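Biologist: I am new to this structure and would like to know, for each term you use, what makes it apply. Could you show me the model and take me through it with care?

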Amino acid sequence: MRTIAVIGALNEEVSLIARSLSDASHNVESQRASLDVIEGSIVSESGEKIRVAATVGGMGTVNAASTTQYLLDAYQPDAVIFSGIAGNLNPALHINDVVLGGTLRYIDSDMRLIAQFAPKQHEFHSDAALLAIADEVLSQMGTKHITGIIASGNYFVDTAEKIQQISRATGADAVEMEGAAVCHVAARNHVPALVIRALSDNADTEYESFKDFDISEFADTAATQVIRIIQRM
């Protein structure tokens, strides 16, 4: 049976996926990593039962990296999918459009140093086959989306100055805090990964306001698409 690991940074990003699993159960052993992993299955369009391990990993690159490595070690998945929201940096896109992480770049790391170690990359990429499946699914769903550049870093982006700085440095279409780390760890382990981000704002909302913002609609957009993508795999 194939296994897919699914990660979100926030509860809202994973709850719909967890509710959609058949025979869902909590893995008590995962508490060693401070994670609540929900195990269950999704039946693919071909009738295959696909095992899914889904969890909330927390915000930031370190949380994302440690969560990804734990799932890779504990479940040995055939692929890792990160599902969630992001701030929009592309004027051609709008709220609730989707950016697939064709390229993922850190915004607060000197990759000249980090890339001296495996996998010796200055940027990271979602798996081409998973991107093709995602593109097909989103097109059939009528979701406006692009395969673009996603910037990841350990600070909240909420000012025009930060937006301009990130745009100049990375050329990103969206900004968030986890995607590059997920693909980085997946690449070190030679496991295909996919980052899918629904745009929740234009990276112009102060954190004190954003933390009380209901992101469920946007998180569910990405989560619904992840379920369809797994069904298509």
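Modeller: Let me begin with a term: two strands pair if DSSP finds at least two bridges between them. Please keep in mind that this is a predicted model.

Biologist: What makes β1 and β4 a pair, and is their sense parallel or antiparallel?

Modeller: Strand β1 (residues 3-8) and strand β4 (residues 49-56) share six bridges in the parallel sense, so they too meet the requirement of at least two. Gly8 has Val56 of β4 as its bridge partner.

Biologist: How do helix α2 and helix α6 pack, and which residues make the contact?

Modeller: Helix α2 (residues 61-75) and helix α6 (residues 179-188) pack at an angle of about 35°, with their axes 8 Å apart. The contact, which counts heavy atoms within 4.5 Å, involves Thr61, Ala64, Ala65, Thr68, Gln69 and Leu72 of α2, together with Ala181, Val182, Val185 and Ala186 of α6. By class, this contact of α2 with α6 has seven nonpolar residues, three polar ones and no charged ones.

Biologist: Why is the peptide bond from Ala118 to Pro119 worth a remark, and what is its omega?

Modeller: The bond from Ala118 to Pro119 is cis, with omega near 5°, and Pro119 has its place in the loop between α3 (111-114) and α4 (128-141). The remark is made because most peptide bonds are trans, just as most residues other than glycine have a negative phi.

Biologist: What lines the second largest pocket, and which element gives the largest share?

Modeller: The second largest pocket holds about 150 Å³ of space, and its lining includes Arg105, Tyr106, Asp108, His122 and Gln165. The largest share of that lining, four residues, comes from α5. By class, the lining of the second largest pocket divides into six nonpolar, four polar and two charged residues.

How values were computed. Residues are numbered from 1 along each chain as its sequence is written. This is a predicted model: local features need pLDDT of at least 70, side-chain atom pairs count only at pLDDT 80 or more; totals for chains, interfaces and linings use all residues. Side-chain values use heavy atoms; hydrogens and water are left out. Helices (H or I, at least four residues) and strands (E, at least two) are DSSP runs, numbered from the N terminus. Axes are lines fitted to C-alpha atoms, for helices over the stretch in contact, and angles run from 0 to 180 degrees between N-to-C directions. Ala, Val, Leu, Ile, Met, Phe, Trp, Tyr, Cys and Pro count as nonpolar, Asp, Glu, Lys and Arg as charged, and the others, Gly among them, as polar. On a 1 Å grid over the protein atoms alone, a cavity is a set of points where a 1.4 Å probe fits but cannot get out, and a pocket is an open set with protein on both sides within 12 Å along at least five of seven lines; lining residues have an atom within 4 Å of a point. Grid points are joined across faces, edges and corners, and a volume is the space filled by probe spheres set on the points.
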